[in-house]
Structures are given as C-alpha cells and as structure tokens.
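I opened this notebook to record what I looked up in one model, entry by entry.

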Amino acid sequence: MTTIEYDVIVIGAGPVGENVADRVVRGGLTAAIVERELVGGECSYWACMPTKALLRSASALRAARQLPGAREAVTGDLDAAAVLGRRDSFASHWQDDGQVSWLASAGIALHRGQGRISSARVVEVTGVDGATTTLTARHAVVVATGSSALLPDIPGLREATPWSSREAASASSVPGRLAIIGGGVVAAEMATAFAALGSAVTMLARDGLLPSAEPFASELVTESLREAGVSVRLGAEAVAVNRDDSGAVHITTASGERIEADEVLVAVGRTPNTQDIGLDRVGLAPGAWLAVDDTLRVVGGGEWLYAAGDVNRRVLLTHQGKYQARAVGDVIVARAKGEKVDDGRWGRHVATADERAVPQVVFTDPEIASVGLTAAAAEAAGLRIRVVDYDLGAVAGASLHADGYRGHARMVVDEDRKVIVGFTLAGPDVAELIHAATIAIVGEVPLDRLWHAVPAYPTVSEVWLRLLETYGR
C-alpha cells in the first residue's frame with residue numbers, strides 16, 4: 001500500500017472538482033484529484049456539452065427557416081448522423097486525454113479509482129487493478145462527486161433498461177419512438193432534440209412541463225413542442241413499464257392508457273453520488289445529500305471536510321457548482337494560511353448567489369433564460385413585489401431577428417428596495433441576453449439607475465427599456 005500526502009484532496013474530477021483543485025494550486029497549495037470515471041465529469045460527456053450539441057443544429061435550421069431569403073436557401077432536412085457526429089466531437093468521443101493533460105499542466109495530481117474517506121483527512125483509492133493508495137490531506141478533503149439520474153420505483157422499469165440522461169446524451173442512433181417520463185429541464189430539452197432528429201416523442205409530465213419556470217414560459221414551450229409533433233401528456237403518470245421480446249417498451253399510465261415506444265427516457269430528478277465514498281467512516285449517512293455552511297464546509301463532517309457542486313443540493317447546475325468551487329478553493333487556502341475569511345454576504349469565500357441570483361437557460365424552442373426568483377417564489381419568500389410583463393415579439397430587434405418572433409419577458413421587482421429580484425425571458429435565442437439581468441440582480445442596481453443603462457437600437461435588449469416604461473418612472 002502506497003501513502004502520499006497533499007494539502008488538499010478532491011474526490012471527483014468533474015468541472016467542480018477541477019475548479020476546486022485549480023484554485024487551491026493557484027493559491028500555493030498542493031492538490032490531488034480522485035476520479036473513478038472520466039476526467040471532466042458528467043457535464044463534459046453526458047450533459048451540458050453533448051446535449052447542447054444535439055440541440056444546436058436544429059435551432060440553427062429553425063432560425064434560417066424563419067427568415068425570407070435564408071428560408072429559400074435551405075434544402076433538405078436535418079442530417080441526424082451529422083448531428084450525432086458533431087455531438088461525439090463535443091464529448092471528445094468519450095476520451096479524457098485532453099482533460100488529463102490539463103490537470104498535469106495545472107500541477108494537479110490525478111489518482112484513478114474509487115475514492116473512499118477512511119478517517120479524518122484520509123482517502124483510500126482503489127484502482128481498477130485492486131491496488132490501494134492512501135492519500136492524506138494536510139488541510140482539507142472536498143467531495144465533488146456530483147449526482148446521477150434518479151430511477152423511480154415504477155414496477156418493471158428497471159427490467160426495461162430505460163435510458164437516463166446519459167444514454168440520451170450519448171445515443172448512437174435515433175429511436176423511431178421515444179417515450180419520456182418526466183417534465184423537467186432534461187425531459188424538455190431531450191424532447192426538443194429527438195423530435196427534431198425524427199423521433200415520435202411522447203412526454204408523460206406528471207407534475208407539468210417545466211413546473212419551476214414562470215407559467216408563461218412553460219406554456220410557450222408546451223405549445224411549441226406540440227407544434228413540433230410531440231405528444232405532451234400533462235398530469236400523466238407512468239405506473240408500470242415492460243419491454244417485450246421484440247424490444248418494444250410498453251408503458252401503462254394511471255388512467256389505464258398504454259403507450260408503446262422503442263426507448264423510454266426517465267428524467268424525474270437526481271440522486272447524490274455519495275453511496276460509496278466512506279461517509280459512514282466519519283459519522284455521515286451514505287447516499288445522502290451533504291448539507292454545508294456558507295463556506296461550503298460539511299455540517300457535522302469536521303472542519304476539514306467540504307462539499308461543492310450537485311452533491312450539496314444547493315443548486316444542481318454546472319456553472320453554479322464551478323462558482324462554489326472557486327469559493328471553496330479560496331477559503332481552504334485562506335484557512336490554511338491563517339488569513340481572514342471573508343464570509344459575509346457577497347464575500348469572497350461564500351456562494352451568496354446560490355440563494356437568489358441563480359441564472360439558468362433551458363435550451364428548448366423557445367429558449368427560457370431566467371435568473372433570480374419567479375413571481376411565485378418571491379411571494380413565497382415574503383417579498384412585496386410587482387410583476388412587470390412585456391411581449392418580447394413587440395420589440396423592434398425581435399422582429400428583425402425572425403419573422404413571427406414569439407416571446408415574452410417578465411421582471412419581478414422588490415417594491416420595498418426598488419430592485420429587480422427575478423427576470424425571465426422566453427423566446428428564440430434569448431440565452432445570451434440573461435447575463436445583463438444577472439448583473440442587475442447581483443449588483444442590486446436600483447431601477448432609477450437602470451434608466452441610464454440605454455439598450456442599443458435595434459436589438460432584442462431593448463426589452464429592458466420597454467419593461468422600465470411599463471413599470472413607470
């Protein structure tokens with residue numbers, strides 16, 4: 001058995017773990033990463049990058065078809081094989097050589113295998129050959145193991161070998177018929193992607209489509225999916241699943257309806273990857289989400305144990321996990337060097353934005369871009385708000401962007417402080433517009449000052465002026 005000592009040990013080499021280790025090394029400490037799968041994690045190979053690659057070609061084709069002149073230049077349909085090939089390139093063909101090279105260039109040690117905490121500041125790594133390496137951390141261990149798709153207890157579902165988000169993102173062919181159990185972001189994006197690629201898609205959205213979004217955004221996406229040929233069954237619940245000898249999948253709903261498909265994708269939530277990382281050795285529950293304090297130190301785990309990314313359940317988004325990683329890497333360095341910890345609201349060593357300033361884009365048709373609180377969430381938080389809506393298609397820049405542009409914008413204002421606490425856009429290509437709203441919310445820019453932020457004409461960003469005019473001066 002080999003024993004090696006580092007300042008910090010990170011379990012999990014996804015984007016979150018990589019960023020933690022990078023910040024630690026930049027701060028002058030040594031760091032090692034433990035990874036049992038591919039360096040780069042879920043986002044690089046089975047989520048963010050490959051799924052958006054699946055969606056992008058269809059989005060570009062739709063955009064061209066909405067413009068006279070460009071429309072006439074488009075001949076033929078989407079080339080599914082070419083789309084899948086481009087997806088493969090963005091997933092690096094499921095090889096992590098490039099990511100491994102980056103770790104080496106950044107001065108971060110890599111240990112491949114299953115990492116398990118055996119005691120305070122000690123991680124044992126079991127390699128594929130069964131050999132064990134013991135790693136000891138002088139200062140901290142960070143759990144950045146992420147999450148996996150949740151498989152609900154529906155009779156027959158496991159035996160039917162369903163797709164999770166991983167199989168959908170890495171599919172080598174397009175099924176003729178795809179059933180999707182779920183109505184969240186993964187379900188909606190994959191319905192959009194596979195319908196464009198030629199699948200006949202049926203969605204069983206028991207809790208509605210995109211239930212966490214503003215209702216107008218969910219309605220626009222539902223309408224668009226149906227126009228694209230997707231059968232969206234709102235409120236439908238799968239109660240039994242089986243795959244017959246021919247390979248077809250049969251789904252029975254609570255109402256007694258039977259749906260047949262070639263593949264079934266289950267997208268109903270996530271579960272933490274903490275089942276086999278040794279939490280029981282330090283008094284924590286295996287398989288549980290890890291609660292953390294404001295500096296992302298694990299509650300009840302000792303002053304040396306931290307958790308960043310999905311695994312702490314604060315926000316299950318890659319960009320937010322990387323934001324946490326920067327904070328936790330910096331706070332570990334500060335504590336190791338005896339420096340002052342800046343843990344006040346919006347301080348360097350905390351992830352304040354997790355509370356009320358989280359940006360998110362749903363890459364459906366139309367796209368939904370949001371940040372902060374929905375109107376319902378703001379009311380539930382006890383804020384005295386005013387909701388301001390505007391037809392995004394009525395903005396001059398939108399009419400230039402595409403004929404028949406359909407969209408909507410909403411601004412949620414905290415009336416006591418006269419600042420924006422929530423912002424949602426739904427429409428074609430709105431993803432790149434959301435960062436302005438993120439800055440306004442994080443910076444708590446007063447509405448009176450926003451009047452002086454003049455949007456260029458004619459751009460879709462002119463919606464900011466229209467929302468302020470609707471609010472009144």
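I take helices (H or I, at least four residues) and strands (E, at least two) as DSSP runs, numbered from the N terminus. With that naming, Asp-429 lies in the loop between β21 and α14. I noted that the model is predicted, that local features need pLDDT of at least 70 and side-chain atom pairs pLDDT 80 or more, whereas totals for chains, interfaces and linings use all residues. Residues are numbered from 1 along each chain as its sequence is written, and side-chain values use heavy atoms, with hydrogens and water left out.

**Entry 1: the antiparallel sheet**

I looked up the strand order and found an open sheet of five strands, β17-β18-β21-β20-β19, with antiparallel pairing; two strands count as paired if DSSP finds at least two bridges between them. At the edges are β17 (359–362) and β19 (385–391), each of which pairs on one side only. From one strand to the next the twist averages 10°, where axes are lines fitted to C-alpha atoms, for helices over the stretch in contact, and angles run from 0 to 180 degrees between N-to-C directions. Within this sheet I followed β20 (residues 408–414), which pairs with β21 in the antiparallel sense over seven bridges, and I saw that Ala-409 stands opposite Leu-425 in β21.

Which helices lie across these strands? Helix α14 (residues 434–442) lies across β17, β18 (367–372) and β21, and runs at about 10° to β18. Helix α16 lies across β19, β20 and β21, and its direction is at about 130° to β19. Contact here means heavy atoms within 4.5 Å.

**Entry 2: the backbone around that sheet**

I then went through the loops. Asp-365 and Pro-366 are joined by a cis peptide bond with omega of about 0°, and Pro-366 is found in the loop between β17 and β18. Another cis peptide bond joins Tyr-457 and Pro-458, with omega of about -5°; Pro-458 is in the loop between α15 (447–450) and α16.

Lys-418, in the loop between β20 and β21, has phi near 55°, a positive value in a residue other than glycine. Asp-429 also has a positive phi, near 60°, and is likewise not a glycine.

**Entry 3: rings**

I found three aromatic pairs in the structure. Rings of Phe, Tyr and Trp (its six-membered ring) pair if their centres lie within 6.5 Å, and planes under 30 degrees apart count as stacked, over 60 as edge-to-face and the rest as tilted. Why is the pair of Phe-423 and Trp-464 stacked? The ring planes of Phe-423 and Trp-464 are at 15°, with the centres 4.5 Å apart, so the pair is stacked. This pair links distant parts of the chain, since Phe-423 is in strand β21 (residues 419–427) and Trp-464 in helix α16 (residues 463–471), 41 residues apart. Both Phe-423 and Trp-464 are buried.

Elsewhere, I noted the charged end of Arg-166 over the ring of Trp-46, 3.6 Å from its centre; the criterion is NZ of Lys or CZ of Arg within 6 Å of the ring centre and within 35 degrees of the ring normal.

**Entry 4: the parallel sheet**

I looked up another open sheet, with four strands in the order β10-β9-β8-β14 and parallel pairing. Its edge strands are β10 (231–234) and β14 (263–266), each pairing on one side only, and the twist averages 15° from one strand to the next. Strands β8 (residues 177–181) and β9 (residues 200–205) run parallel and are joined by five bridges, with Ile-181 having Leu-204 in β9 as its bridge partner. Helix α8 (residues 185–197) lies across β8, β9 and β14, running at about 165° to β9.

**Entry 5: the nonpolar core**

Which residues touch the most other members of the largest nonpolar core? A core is a set of buried Ala, Val, Leu, Ile, Met, Phe, Trp, Tyr and Cys residues joined through side-chain atoms within 4.5 Å. The largest has 48 residues, of which Ile-117, Val-141 and Ile-332 touch the most other members. Among the elements that give two or more residues to this core are β1 (2–11), β6 (132–143) and α10 (318–336), and β6 gives the most, with six residues. Leaving aside its neighbours within four places in sequence, I list Ile-332 as in contact with Val-8, Leu-29, Ala-140, Val-142 and Tyr-306.

Terms used
Buried < 20%, exposed > 50% of the residue type's maximum accessible area, 1.4 Å probe, protein only.
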